[in-house]
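Have the model open as you read.

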Amino acid sequence: MNRIKEFWEAKGMSQTDLAHQFGKSFNTVNLYAANKVQPPIPVLYKIAEILNVDVRELLLPNK
């Protein structure tokens, strides 16, 4: 589970903004945001870079 949507909203971004900056489609970002598909680790790092957060903040703890 990830918190991508939480962070882009806190940054005042939209899903479309993130998709454009990320270079992926709106649908891909939507799948990540809805936790229907988990982004691969390199993708998660890129999203963290765009959102200017530590990659660990994007993930929900497992304990």
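A crossing of two helices is called right-handed if the near helix is turned clockwise from the far one by less than a right angle, and left-handed if anticlockwise. With that in hand, α2 passes α4 in a right-handed crossing. Please keep in mind that this is a predicted model.

**α2 against α4**
- Helix α2 spans residues 15-22 and helix α4 residues 41-51; their axes come within 10 Å and cross at roughly 115°.
- The two helices are therefore roughly perpendicular to each other.
- On the α2 side, the contact is made by Leu18, Gln21 and Phe22, and α4 contributes Val43, Lys46, Ile47, Ile50 and Leu51.
- Sorted by class, this contact of α2 with α4 holds six nonpolar residues, one polar and one charged.

**α2 against α3**
- Helix α3 covers residues 26-33 and packs with α2 at an angle of about 115°, the axes being 9 Å apart.
- The crossing of α2 and α3 is right-handed.
- From α2, Gln15, Thr16, Leu18, Ala19 and Phe22 meet Phe26, Val29, Asn30 and Tyr32 of α3.
- By class, the contact of α2 with α3 has six nonpolar residues, three polar and no charged ones.

**The buried face of α2**
- Gln15, Leu18, Ala19 and Phe22 of α2 are buried.
- Looking down the axis of α2, these buried residues fall within an arc of 100°, so they line one face of the helix.
- The partners they pack against are α1 (4-10), α3 and α4.

**Just after α2**
- Glycine 23, which comes just after α2, takes a positive phi of about 80°.

Notes. Residues numbered from 1 in each chain as written. Predicted model: local features only at pLDDT ≥ 70, side-chain atom pairs only at ≥ 80, totals over all residues. Heavy atoms only, no water. Axes fitted to C-alpha atoms, helices over the stretch in contact; angles between N-to-C directions. Helix = DSSP H or I, 4+ residues; strand = E, 2+ residues; numbered from the N terminus. Parallel < 35°, antiparallel > 145°, perpendicular 65-115°, else oblique. Contact = heavy atoms within 4.5 Å. Nonpolar A, V, L, I, M, F, W, Y, C, P; charged D, E, K, R; others polar. Buried < 20%, exposed > 50% of the residue type's maximum accessible area, 1.4 Å probe, protein only. Arc of directions from axis to C-beta.
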